Amino acid sequence: MNDCYNCSDQSLIEKAESEEIDLVWQRYEKMKPLCGFGEQGICCRICMKGPCRINPFGRKRSVGICGASADTIVARNLVRMIASGTSAHSLHGKEVAKTLMHVARGETAIYSVKDAIKLRNIAHKLNIETDGNDLIPLAGVVAANSLMDYSRMDDEEICNWLKYTIPDARLEKLKKLGITTSNIDGSISDIMARTHVGTDADAVNILLAGLRCALADYSGMQVATNLSDVLFGTPQPVVSQASLGVLRKDAVNIAIHGHNPLLSEIIVDVAYKMQAEAVAAGATYGINIVGVCCTGNEVLLRHGIPLATNYLSQELAIITGALDAMIVDVQCIMPSLAKVSACYHTELITTMPDAKIAGVTHIELGSGDSLKKAELIIRKAIDAYKNRDDDRLSIPAEKNKVIAGFSAEAIIDLLGSINSEDPLSPLIENIVNGKIRGIVLFAGCNNVKVKQDHNFVTMAQKLLKHNILILATGCGAGAFAKNALMNSEATEDYAGDTLKEVLTFLGFEAGLNAPLPPVLHMGSCVDNVRSIDLAVAIANRLGVDLNQLPLVASAPELMSEKAIAIGSWVVTLGIPLHVGLAPPVTGSSLVTNVLTSELKNIVDGYFMVEEDPEEAADKIISIIEEKRLGLNLDSSLDSANNIEVLS
Ligand code: MSK
């Protein structure tokens, strides 16, 4: 069995097998056969009369005990996934906004405004008066405007982070459909209330509420990403490395894992100051911080810290025998890490009050004494290093160069070095002239049902050959970083002729002395809004809506409820979305049909399910070519219908 796209990871899986340590792949095999009712979304557990399981073939048990149809049950289950994903992202955003408010009130000595330009740009974007506003009071106003999106009373209003960040035409469409949101927390509680037993039984009405909640997810993600940039700096291109080979024999290796930069930034700062202690303990290199999952993406983008691995192979970091501590915050942390780390010398430490693991050391960060606690955590890692068993060391040799840090601002700055008057024009001109056929946004997780990273890599190679530029976030970005698709050499190896020409020109013109990578790393999963910001800038520049752009999104190995929430707002913003696994909706032909077909008539975006990555790439290419035709991009620029981008 080959579970990982990456061969060195495969050897670690075999090492774990020889040590009789179960990993996610073995647990998956033991779980088979998976529950067919659950897979199709037709198991209902929202009251205690059941659980009810609907017969998918429409014979006996065609409705639940209360009379709920398969359509109702599937729709309810799906929107509860959206609500969960939304709560995860938006709570992250709320914590960041509250921290900015603490900065404005002088209540924290740990955090500060690191990117004043971004703060002023946000104020401008949110229509906040900046004249005469000093930086710190302005931070308070921006934080208050963001927090208002979580608590607004007036249902007629619209969240600032939705209203001011999407094209006008899209906003008008959403308003007409009645699915804009005024209050992120309210949209989540609306879903929980309407899906309580005996409430909303109209599947389409439930799904529309799900789309509203997904837009709340979008708004919360905008808060999280943008205010993190204010506090920690907006990412700029940075060179680093990725894959488990970034672990070092001569270092105290500490992995930071999860999502929240409020925690990881403290660990990174404190670790830099404690290098001498690690050296004194015998680690000649000192402390080697590496990233896992989206915390890994956050610190890769802002500090160039190497990315060890993405979601599915998180346990393998411990199996190397070289990891002295894994420090986790929230989301996508496998509880199994407790058992796996107990088989090694690795210290596993939880840091958030809402993300503990039974039996695991918990040292809470986030309050006034965070710096002292971070020191304690690092010291535990150094102590663990002293117990490392060199006989069990197996650090893979493979690591690949990655150029990350392509925030929307970084891309626009880079293009601005070519045309400072109209920074987007070099990109737009090359989309219009067809040298770049279109853009695909790759997002989402790994799923144990797919050979890890396989779908991402296979699809990317085909799309690049077809001269399609790729943007990536989350564990998708991790897949590309690990598999050497985020460096200049990848442009030489995989980009089609015209894409290669453009990336080479842009890279040299921007002073990088090498081609831009063909897959641009835009950040963690919460940073998906960065790619939307870029797409909105292009759409606004062209005077079109998002659905008209030659732009497709893909989550080929999706897994989490957050991925369902993101996918739902992506389609609501008008962008077609490929998914490599069917969400648990196939038990309702009505819901399946709405998501894959009818939605196109309502919001322009829709879900396209295709498990085969080669086929998926072909279908995406067809959609992009169709969109190009819609904009008349490949005909003469003099054509009456053509967008006049060069005027
Ligand atoms: S960590 S949500 S597995 S992208 Fe953001 Fe990765 Fe998906 Fe978690």
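**Close-up views of a predicted model**

**View 1. Shell around the ligand.** By class, this shell comprises eight nonpolar, four polar and one charged residues (Ala, Val, Leu, Ile, Met, Phe, Trp, Tyr, Cys and Pro count as nonpolar, Asp, Glu, Lys and Arg as charged, and the others, Gly among them, as polar). The model is predicted: local features need pLDDT of at least 70 and side-chain atom pairs count only at pLDDT 80 or more, whereas totals for chains, interfaces and linings use all residues. Residues are numbered from 1 along each chain as its sequence is written, and side-chain values use heavy atoms, with hydrogens and water left out. Of the 13 residues around the ligand, those that come nearest are His 259, Cys 294, Cys 332, Cys 475 and Cys 525 (a residue is near if one of its heavy atoms lies within 4 Å). Helix 13 (293-303) and helix 20 (474-482) each contribute at least two residues to the shell (helices, H or I with at least four residues, and strands, E with at least two, are DSSP runs numbered from the N terminus). The ligand shell lies between domain 3 (244-392) and domain 4 (403-637), because both give residues to it; the domain bounds come from an automatic or database domain assignment.

View 2. Six strands form an open sheet in the order 13-12-11-14-15-16, with parallel pairing (two strands pair if DSSP finds at least two bridges between them). Strand 13 (519-523) and strand 16 (607-609) are the edge strands, each pairing on one side only. Within this view, strand 11 (residues 438-442) and strand 12 (residues 468-473) pair in the parallel sense over five bridges. Leu 441 stands opposite Leu 471 in strand 12.

**View 3. Cis peptide bonds.** Lys 32 and Pro 33 are joined by a cis peptide bond with omega of about -5°, and Pro 33 occupies the loop between helix 2 and helix 3. A cis peptide bond also joins Gly 50 and Pro 51, where omega is about 10°. Pro 51 is in the loop between strand 1 and strand 2 (52-53).

**View 4. Positive phi angles in loops.** Gln 331, a residue other than glycine, has a positive phi near 70° and lies in the loop between strand 7 (323-328) and helix 15 (337-342). For Asp 453, also not a glycine, phi is positive and near 70°; Asp 453 is found in the loop between strand 11 and helix 19 (454-465).
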